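Please read the points below with the sequence and the model open beside them.

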Amino acid sequence: MTSSSSPAEHVITLDGTHPSTREVLGGKAYSVNKMRAMGLPVPPAFALPTGVCAVYHDNGRSLPDEIWQQVLEHLRRLEAETGRRFGAGPSPLLVSVRSGAAQSMPGMMDTVLNLGLTPELCEALAAETGDQRWATDTWERFCHSYADIVAGDPNAAPPSDPLEQLRSAIGAVFDSWTNERVKAYRARHNLGAGAGTAVTVQAMVFGNRDERSGTGVLFSRDPATGENTLYGEWLAKAQGEDVVSGEKTPNPLVTVGEILPDVYPELERIAEVLEREHRDLVDIEFTVESGRLYVLQCRAGKRAPRAAVRIAVDLVREGLITADEAVSRVSAEQAASLATTHAVHADRTVLAGGLGAGPGVAVGQAVSDLDQALDLAAAGTPVVLVRPSTAPDDVPAMFESVAVVTELGGSTSHAALVCREIGLPCVVGAGVGTVAKLTGLTVTVDGATGSVYEGDALHTPDESDVDEYLTELLGYLPDTVPVDHPLAQLRSAHLERA
């Protein structure tokens, strides 16, 4: 899209009645639009498409007034649909402002939650609900999010005008397209420059509302093993950033059934519906507000290399995809990872233990400083990045490391998502004090068991187990496949080992 695009293209209502593509809407908005068309419980929203990102940057990193006027028009539609008013009591409308490029880049870009609050509107929210504590928590969350993402200053207060907050937050999301972590991610995954990110503005629902509220991430299958079982994590009285940031360690998804027995079967149903629609493993973000379930996003889930093989084969067996599609579901990077087989000496000292979140084994020097990690990696030293938790700004260092270990977080945290996608061994939730204990040491990280061993504990086993799923997938390869194709090379190595 260029600045000459028609006004109708600059802001799009995501109500499921206006067909569009992932390239135009970005992954987030495309997902919202599609799920609303399917009748799933998704909060109302609108989007500024990916092409507006270029318009914004061409306009001196400023949203043109004619596009802003369309934003205001769509904001009024959100007010009508929710029965709430943006920037006014007694029932203020709050929104999230989220990024979403055409290609999925989990944890890479910026989101602002609870936007639209001021001290006065915080009091209006408290008066409406009778819950001052919740209103204050929501206000404090917004202040932190705005200061960190929009203002770039931890001491900055949000503007007193909610419309100014919204316009600045939209600009901040467009700005995030050009930051270093996004460039590093796109370079690592050969995604090119891309058209830009879209911005999704969506009515807020509140996982921090009360005891029957919470937020979580679920996968329709286990992203570490590929097993066909619902998998995920959940935090009660929390918002989405609490789970994916890795700053808190969540509970297993099954605990939703203990607190909210009516919600868990609905999660199972929605996961099945969306997996069938996508014909793939899906990653679903959801929020429960006072016992009511909302789905916020669905995308193809990132998976470990061996899980990619099992899922692809199972989907062929289930008649959802073809053999050719199954072969295309395993990347060159995943194939390279599968070609390497290592094991760990069982008698070595375990220094730390957590949740295995990125299968594989690696040895390196444990480093906690990001700059030092990059310098050592550039000099040829294998680095194990150890952090309390990881954030998007850590991605360049993560990509240069052989493994990642975090003190906090679960299997759907930022560290787990990034490492699982690229086949990087990862252990999360290893406990407070792990960084201090490991830094400076040579360690072996086993991302399957969640153990971190002292020294170099690797050995190459005499015989490797023959994986039935890998054998079947490699059998899908046509005889005419080039010998330098990553899976053809893997087939040759696999046959030798078998």
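1. C298 is buried, at a relative accessible area of 3%, where buried means under 20% relative accessible area, exposed over 50% and partly exposed in between, for a 1.4 Å probe and protein chains only. This is a predicted model, in which local features need pLDDT of at least 70 and side-chain atom pairs count only at pLDDT 80 or more, while totals for chains, interfaces and linings use all residues. Residues are numbered from 1 along each chain as its sequence is written, and side-chain values use heavy atoms, with hydrogens and water left out.

2. The structure holds zero disulfides, a disulfide being a pair of cysteine sulfur atoms within 2.5 Å. C426 is accordingly in no disulfide, and its nearest cysteine sulfur, that of C419, lies 3.9 Å away. C426 is also buried, with a relative accessible area of 0%.

3. UniProt, in an unreviewed entry, places the feature "domain: PEP-utilising enzyme mobile" at residues 382-450; such annotations may be inferred rather than shown by experiment. Over residues 382-450 the chain is 28% helix and 25% strand, with the end C-alpha atoms 19 Å apart; helices (H or I, at least four residues) and strands (E, at least two) are DSSP runs, numbered from the N terminus.

4. Helix α4 (residues 119-129) packs against helix α5 (residues 132-151) at an angle of about 150°, with the axes 8 Å apart; axes are lines fitted to C-alpha atoms, for helices over the stretch in contact, and angles run from 0 to 180 degrees between N-to-C directions. The contact (heavy atoms within 4.5 Å) includes C122 and L125 of α4 and W134 and W139 of α5.
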